[in-house]
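Q: I have a structure open and would like to talk it through. Could we begin with the charged pairs and then change topic?

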Amino acid sequence: MNIYVLLKKTFDTEEKIQVSGGKIEDDGAEFIINPYDEYAVEEAINLRDTHGGEVTVVTVGDEESEQQLRTALAMGADQAVLINTEDDVEEGDQVTTVKILEAFFKDKEADIILAGNVAIDEASGQVGPRLADKLDIPYVTTITAINIDGETVNIERDVEGDVEKLETSLPLLVTCQQGLNEPRYPSLPGIMKAKKKPLEELEIDDLDLDEDDVEPKTKTTEIYLPPEKEAGKVLEGEIDDQVKELVSLLKSEAKVL
Amino acid sequence: MSKFLAFGEARDGELRNVSFETVAAARQIDESSEVVAVVFTDANAESFANEMIKHGADRAVTVEHSDLKEYTTDAYTQAAMAVIEQENPDGLVMGHTSAGKDLSPRLASKLDNGLISDVTSIEGSGDDATFVRPIYSGKAFEKKQITDGKTFITIRPNNIPPQEADDSRSGDVTSIDVDIKDLRTIIKEVIRKASEGVDLSEANIIVAGGRGVKSEEGFEPLHEMADVLGAAVGASRGACDAGYCDYSLQIGQTGKVVTPDLYFAVGISGAIQHLAGMSNSKVIVAINKDPEANIFNVADYGIVGDLFDVVPKLTEELKALKG
């Protein structure tokens, strides 16, 4: 089976966010594989181990994204592709990313493409569904279980807490939700092997695209931090009195009851 | 005059609140616009349409079809494209719900259009309209504009206030016949897990438990308090990882990002990942036996104490208030 994973590098969830010069400050920040993309990598490896084939991990990013691709290779993916847009794309949005991925996937004959259901940084959740539409293949978002039997695919997906069971077929794009699996940690031998696994680096020129082809259709005019919350009132006294005081505060001061 | 489509969303035979919020958002983007409510359903289309008109829409277009009972990407795309082709709107507003998240990128792709998702407020109007959305799970915000094409946004439920219903409002309701075909996914079964209780993303009040709740049974007092308040129950990642509750209840950087009016953090220490998911709630109450817990730094009100003592007493007090 020809299995692909869309992967994005994101800030570590532990990171505090700072803004400088109208941009998110990323100097010295720790980066990780977007947690939802980790589920996609894990599931891709499991599908390959069950059905055979190869797992290719693809990212649209910068030079530094190699680190996250190597991590995916260390987990067990077979090869990686870094589409480096650092020099060509100044401002991009989901339209940009999908144009690039569409050009990449045009001749790939992917059986299944797995992605995270959302990235924890910009959180648009658009890239997977948009790409599937451009490739004219079905997609299923927020999956929590997948079972492939020949061309038939049975899926469970999370719909705001409900579980929806559905049937579809390959080729297919899915986006992964928490609960799908437990992503493995790369093993030491895995990390050693990853260094030798193929990692292809492309620029948009290699995909017959230039900057005009990937123009965004939205723009960001401002990035800012929410006002810092001041620590509130910790109540004192007997618990019974505190409870009474709390209810009264919520009613008359905060006016939320 | 510009024209906006405001997409309604039905669930379990009722219109969700976010339907009225899409109408309000469209109106906010351009006060003088014609706001056309759009309803997809297998039944009751006309009554849903009239409800949206009472909440501020000028008229409505509906598609009623047995394949529109449950949301599926293909059926809803076909219905939506039929409406868009007929109406050729200047803008589209949809809820950032499970269905809206799944459908909106597909439509944006088909229209070759930009899409600003998960909008929590709107500034300016007309061509200058700017859309505010949380990024990094609410650790920061960005303002975005559409530079080309239709104004296409999804709005986070519970953030843009809907207009009050006005029973004297009326408008045309027209229905379109759509030949829904070539469905590539078939829903076999839906297991309702979330139906008991209030939907987290639309809840005005949330009672969330963390590791301090200690067990699945430990969530019982939280459920009782939630019932009294008409609140939804949520959880921290710690509680989900420990198996006390389902991942669908998880609030945080991975999990749901919520902005209720009132958030009770019960036995939650307040890891940065959890704060990202809830710190923009209007009022936060922390209940924790550890006075040093980080959650007290973002809480408006805190009680230091054993949750198994505090929560039942609080429930009684709230019951008396709601009496």
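Predicted model: local features only at pLDDT ≥ 70, side-chain atom pairs only at ≥ 80, totals over all residues.

Q: Which residue does K108(A) meet in a salt bridge?
A: The partner of K108(A) is D107(A), with 3.1 Å from N to O.

Q: What about R11(B), which residue does it meet?
A: R11(B) forms a salt bridge with D162(A), again given as N to O, at 3.1 Å. This pair crosses between chains: R11(B) lies in strand β2 (residues 10–11) of chain B, and D162(A) lies in strand β11 (residues 162–169) of chain A.

Q: And is each of them buried or exposed?
A: R11(B) counts as partly exposed at 22% relative accessibility. D162(A), at 2%, counts as buried, because buried means under 20%.

Q: Which residues are linked with them in a network of salt bridges?
A: The network includes E160(A) from chain A, as well as E9(B), D12(B), R16(B), E70(B), R192(B) and E202(B) from chain B, along with R11(B) and D162(A) themselves.

Q: Where does R59(B) come in, and what is it paired with?
A: R59(B) forms a salt bridge with E87(B), and their closest N and O atoms are 2.7 Å apart. The pair links distant parts of the chain, 28 residues apart: R59(B) is in strand β5 (residues 59–64) of chain B, while E87(B) is in helix α3 (residues 73–87) of chain B. Both R59(B) and E87(B) are buried.

Q: New topic: how many residues of α4(B) are buried?
A: In α4(B), 11 of the 13 residues are buried, so the helix is largely enclosed by the rest of the structure. Among them are G100(B), D102(B), L103(B), P105(B) and R106(B).

Q: What do those buried residues pack against?
A: From chain A, the buried residues of α4(B) pack against α4 (127–135), β9 (139–149) and β10 (152–159). From chain B, they pack against α3, β6 (91–95) and β11 (151–155).

Q: How does the span of that helix work out?
A: Helix α4 of chain B covers residues 98–110, and at 1.5 Å a residue its 13 residues should span 18 Å. Its end C-alpha atoms are 19 Å apart, which agrees.

Q: What follows the helix?
A: D112(B) follows α4(B), and its phi is positive, near 50°.

Q: Now P157(B): where is it, and is it buried or exposed?
A: P157(B) is in the loop between β11 and β12 (173–175) of chain B. P157(B) is buried, because its relative accessible area is 3%.

Q: Which residues is P157(B) in contact with?
A: Leaving aside neighbours within four places in sequence, P157(B) is in contact with V18(B), E21(B), H96(B), T97(B), S201(B) and E202(B). E202(B) is also part of the salt-bridge network.

Q: Last one: which residues form the nonpolar patch on the surface?
A: L188(A), I191(A) and M192(A) form that patch, with about 300 Å² of accessible area together. M192(A) is in helix α5 (residues 188–194) of chain A, and counts as partly exposed at 48% relative accessibility.

Key
Residues numbered from 1 in each chain as written. Chains lettered and ligands numbered in written order. Heavy atoms only, no water. Salt bridge = Lys/Arg side-chain N within 4 Å of Asp/Glu carboxyl O. Helix = DSSP H or I, 4+ residues; strand = E, 2+ residues; numbered from the N terminus. Buried < 20%, exposed > 50% of the residue type's maximum accessible area, 1.4 Å probe, protein only. Expected span 1.5 Å × (residues − 1). Contact = heavy atoms within 4.5 Å. Patch = residues over 30% accessible without salt bridge, like charges linked within 9 Å, V, L, I, M, F, W, Y side chains within 5 Å. Areas by Shrake-Rupley, 256 points an atom, 1.4 Å probe, with all protein chains shown as cover.
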